[in-house]
Amino acid sequence: MLRLVREEGVATRAELGRLTGLSRPAVASRVTELIDHGLLVERADGPSTGGRPPARLEFNAAGGTVLVANLGQSRGQLAVCNLSGSILAQTDADLPSTDPARVLPRLLNQWDDLLGKLEKPASSVRGVGLGVPDPIDHTTATWNETPIRPVIADRFAAPAYLDNEVNAAALGEHHRLPDVDDLLFIKVSTGIGAGIISGGRIQRGALGAAGEIGHIPVRDGGGVPCRCGNLDCVEAVAGGAALLARSPAGDLAGLAALAHDGDAATVALVRTAGRQIGEVIATAVNLLNPAVVVLGGDLTGAYDPLIAGVREVVYQRATARASSSLRIEPSRLGDEAGLIGCAAMVLDRILSPEAIDATLTSRP
């Protein structure tokens, strides 16, 4: 019933009864439980066909909060969202190191601060979602061998979910394009990674290693060693760290600004990187046949030369069938993609029929 109201827009008890085949008392009982649990609200403003107008059911997005954070190697963001996944408040994450034992306490304090500014109690938190750049165990929510669920439960008494930060951003982009079932998100920042949406679902692979596009070698890379131990990986040749080593810019924002302002050497550098990234994207397009390729990350501020280089090579080397209607575009969500994706990751679980049934059954 919650799914029908939340996702399908079903608005009356009578319609719920017709669609589910349940009796009026059964519908009334379930609706009452969902209202008591803060997930539905009922408003007496439905259209009247004569006599008293029927009460209108609505999903209660204000019935709780979701805490989210999407963390890169050097920077990240965190936010408080409502139960529709809309961001209520956000801030930059305080990242003292890449050690989760040090990062998690800072995140907890920052979430507390945001909840305080929103005048939301800790008891409003229904779930927590984290996107992180390190190796993870998605099933057990373990980050660099540190289980995050006990830490979250101690502070907020809410379930926690974990994924790779690029997967989280891919989920956010898919949320923006819900009618696109096959999407490839490429993050170009210090490193390069991909999030794969296929058949409307994120693809993590057998061991959670899907999307390591940054470690595909490119031609004519010049024998550049990569942190993975191989040579000429696209990340080592065309990732943000590699470009900064050949640029006067002090950081990726500065490099993107130089490209945006038309600095000839920087434009040429970024466009060449786009062509090299395009090599591996063309291979991915042939293999996965996405409808849309979205480019995100810190280098998308240098959108024009970067995406021009990517498009040049992808449309040249991908098969005609795979690229005939392919769209290659920049992220329109920016840093918010990962936050929205983390919220979607949590909400898909805590508002699933199984989770709601378990919650309502366990209530005293």
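Predicted model: local features only at pLDDT ≥ 70, side-chain atom pairs only at ≥ 80, totals over all residues.
Biologist: Let's start with the open sheet of 5 strands: what is the strand order?

Modeller: Reading across, the order is β5-β4-β3-β6-β10, and the pairing is mixed. On average, neighbouring strands here are turned by 15 degrees against each other, direction ignored.

Biologist: Which strands stand at the edges?

Modeller: Look for strands with a single partner. Those are β5 (87-92) and β10 (160-164), so each has one side left without a neighbour in the sheet.

Biologist: And how many bridges join β3 to β4?

Modeller: There are 6, linking residues 65-71 with residues 76-81 in antiparallel fashion.

Biologist: Which strands does helix α4 lie across?

Modeller: Helix α4 (residues 100-118) lies across β3, β4, β5 and β6, at about 40 degrees to β4. Helix α6 also packs on the sheet, where it touches β3, β6 and β10 and makes about 100 degrees with the direction of β10.

Biologist: How many residues does the largest nonpolar core have?

Modeller: It has 46, and L2, L16, L34, V66, V68 and L351 have the most contacts inside it. Helix α13 (residues 336-350) gives the largest share, 9 residues. A second, separate core has 36 residues, including I213 and V285.

Technical notes
Residues numbered from 1 in each chain as written. Heavy atoms only, no water. Core = buried A, V, L, I, M, F, W, Y, C linked by side-chain atoms within 4.5 Å. Buried < 20%, exposed > 50% of the residue type's maximum accessible area, 1.4 Å probe, protein only. Helix = DSSP H or I, 4+ residues; strand = E, 2+ residues; numbered from the N terminus. Pairing = 2+ DSSP bridges. Axes fitted to C-alpha atoms, helices over the stretch in contact; angles between N-to-C directions. Contact = heavy atoms within 4.5 Å.
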